[in-house]
Amino acid sequence: MLFSGKLNRLRNFALGLVFVGIVVMYIGYAAFAGYLGSLFQHNIIVMAIFLVLGFLFIIGSSIMYMWIGMLSTKAVQVYCPSCGKVTKVVGLKDECMFCRQKLSLDPKDASNID
Ligand SMILES: [Zn+2]
């Protein structure tokens, strides 16, 4: 599979969002079970809020994955001049996912070497 710098970062973020959602839901359950003190114990409203919040994080992550997929199909495939592998450029500037070489599709950068 092919990833670019930006796509990789977005995917990592979406993956992190899933874990955040699970942790938030677990906190909700832990509060209900009384692990976080008696203040929240058997408080269904607090648990419901945490469960819905965690659920929203996971739904948000799924939507992000969908968006990343659409972004990925629109990304331009280029040969990285540094490592010779095929990578994808999202937007005008991105970095190679294999060697982190900065890549640009902007004609203004054509003569710049950095
Ligand atoms: Zn490269």
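Let me begin with strand 1, residues 76–79, which pairs with strand 2 in the antiparallel sense, over four bridges; please keep in mind throughout that this is a predicted model. Within that pairing, tyrosine 79 stands opposite valine 86 of strand 2. The hairpin that these two strands form has six residues between the strands, and in it glycine 84 takes a positive phi near 80 degrees.

Which residues of helix 2 are buried? They are Val46, Met47, Gly54, Ser61, Met64, Ile68, Leu71 and Ser72.

As for the helix itself, helix 2 runs over residues 44–74, that is 31 residues, and from its first C-alpha to its last it reaches 45 Å, which is close to the 45 Å expected at 1.5 Å a residue. At the start of helix 2, a side-chain oxygen of asparagine 43 comes to within 3.2 Å of the backbone nitrogen of isoleucine 45.

Finally, let me turn to proline 107, which is placed in the segment after strand 4, residues 102–104. Is this proline 107 buried or exposed? Proline 107 counts as exposed because its relative accessible area is 68%, where the cut-off for exposed is over 50%. Between proline 107 and leucine 92 there are 9.5 Å in space, taken from C-alpha to C-alpha, while in sequence the two are 15 residues apart.

Conventions: Residues numbered from 1 in each chain as written. Predicted model: local features only at pLDDT ≥ 70, side-chain atom pairs only at ≥ 80, totals over all residues. Heavy atoms only, no water. Expected span 1.5 Å × (residues − 1). Buried < 20%, exposed > 50% of the residue type's maximum accessible area, 1.4 Å probe, protein only. Polar contact = N/O pair within 3.5 Å; in protein donor to acceptor, adjacent residues only side chain to side chain. Pairing = 2+ DSSP bridges.
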